[in-house]
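Open the model in your viewer and keep the selection panel at hand.

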Amino acid sequence: MGITQRARGVLRRRDPEQTIVPGSRNVVFGPSLPDESTVHLVLDLGLRIGEVQMASGAGASDVTATIIGVVSAYGLPHCEVDVIYTSITVSCYRGTEQPPITSLRVVRNRSIDYTRLADVEKLLRRITAGEISASDAYAELDRITTAPHPFPRWVATLAWAGMAASLAVLLGGGEDPFLPLVAAGTTALVDRIGRLLNKRALPFFFQQAVGGVIATSLALGAFAAGVLHNPPLAIAASIIVLLSGMTVVGSMQDAITGYNVTAAGRMAELAMMTAGLIAGVVLALYVGLRIGGDTVAGLDAQSLGRAQVGTPALQLSVQILAGASTSACFALASYAPPRPLLIAGIGGGVAAGVHATLIVEGGVELNPVLAGAVATTVVGLAGGIVARRLEIPALVVAVSAVSPLLPGLATYRGLFELSVLRSPAGVATLMLAVATGLALGAGVVLGEYLAQPVRSRLGRLERRISGPRLSGPLRPSRRRLD
């Protein structure tokens, strides 16, 4: 659809003999709009819905499509949306004779609540279907955003602990009964201390550093006491928990769809959070080396591979169950409703199963980057179809399913090689961890892109696809998003 066709449906022009006058200019009148107070209400409604999506990790393209769908549903057919990582701006065009009406909202709170996101998605479907007025929608959104979490905070703490225990099994610790317990206890302690630090407004960089110190120190202490035989797996599980929920999927979606400023902002935040975690882990390893001497230095980074769990069939089944438990626990810790929680668990099991199948073929380990990308592509494809049919946010399934595959063990290997063994090979290992994380995000976005022809019931494959959509309506308005 060209510029002229786009303008034809939203602009009204005067007749040529009335507007083209020698020495004068053309006057373009904007579309017929509601009263100014209604325009402000609709713009603020769209901004607040977009803020909830941004806080939940949705991509800038999803937020843009959602806001355009909301304002179009209430009679504002020509609005421009500008989304960056920390703010959202919407401008309503009113022609050349009147200044545009512009509203801006800063995104400050990034606390993930998937129940809130699911409720906003339901409200969004009612808005685009024309089932609710703007004032009623605003009141409903206010009720959703001010409602407390659906269950107490200690339930989320138990869910994080369960996620760490599942990851310890997934990483190969099923034969050590104390490993999941130590990982769960350490993660629960980190979560409670992090909550106290967050109440005191400590920057997240230092919160991540404190988490890395606690997780590494407790694992090394348990090893020195003879409780654990393989503490790196407990450290790796804690690292994955601290890395989970970050904007890996959203960053890749923004970069792929052309929102480079927002992608850079997400990447910068991810880099800072990871740097804080690295600082905490390295500090604890350094202190442990000084205190424990040869006992701690005897941990050989080369021996930290994936442990075998029984027979190959049993190993695969255990990894699938552990992956499903990991994703379900992450979704529960993020306050997901029951139905998205179940689908997220299934997605995690599929991701872990496909990944385990690809990296083990005749005892030869394949490229983990490629294996992770393929596994998340499968999850993105299946999850994109199922999520829309069940009317649940695809973002919940995507982010949760990625959690079991986050490169926590590779991150620990690189840190151990650099800080303890003082080997330059740690740089290459850390780069492998970064590449794996980016491949996971790209795989989810590709799977969601491939799912659109099936999900939207297109009769012809050559029909143009609108782009990856992990949140909000697939096609919220007739207007094309450039």
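At what angle do helix H5 (residues 114-128) and helix H6 (residues 134-146) pack, and how far apart are their axes? Select both helices in this predicted model. The angle is about 170°, and the axes are 10 Å apart. Angles over 145 degrees count as roughly antiparallel, so H5 and H6 are roughly antiparallel to each other.

Now show the side chains where these two helices meet. On the H5 side, pick Arg116, Asp119, Val120, Leu123 and Ile127; on the H6 side, pick Ala137, Glu140, Leu141, Ile144 and Thr145. Coloured by class, the residues of this contact divide into 6 nonpolar, 1 polar and 3 charged.

Next, zoom out to the protein chain. Its secondary structure comes to 19 helices and 5 strands. Of its 482 residues, 51% are buried. Among contacts with a separation of 6 or more, 71% are between residues 24 or more positions apart.

An unreviewed UniProt entry places the feature "transmembrane region" at several stretches, including residues 151-172, 209-227, 394-415 and 427-451. Select residues 209-227: the chain there is 84% helix and 0% strand, and the end C-alpha atoms are 25 Å apart. Then select residues 427-451, where the chain is 100% helix and 0% strand and the end C-alpha atoms are 36 Å apart.

Move to helix H17, residues 394-402. How many of its residues are buried? The count is 9 of 9, and the helix is described as mostly covered. The buried residues are Ala394, Leu395, Val396, Val397, Ala398, Val399, Ser400, Ala401 and Val402.

Leu332 lies in helix H14, residues 312-333. Is Leu332 buried or partly exposed? Buried means under 20% relative accessible area; Leu332 has 25% relative accessibility and therefore counts as partly exposed.

As the last stop, display the neighbours of Leu332. Leaving aside residues up to four places away in sequence, Leu332 touches Phe151, Ala159 and Leu341.

Methods
Residues numbered from 1 in each chain as written. Predicted model: local features only at pLDDT ≥ 70, side-chain atom pairs only at ≥ 80, totals over all residues. Heavy atoms only, no water. UniProt positions renumbered as here; feature names shortened; annotations may be inferred. Helix = DSSP H or I, 4+ residues; strand = E, 2+ residues; numbered from the N terminus. Buried < 20%, exposed > 50% of the residue type's maximum accessible area, 1.4 Å probe, protein only. Axes fitted to C-alpha atoms, helices over the stretch in contact; angles between N-to-C directions. Parallel < 35°, antiparallel > 145°, perpendicular 65-115°, else oblique. Contact = heavy atoms within 4.5 Å. Nonpolar A, V, L, I, M, F, W, Y, C, P; charged D, E, K, R; others polar.
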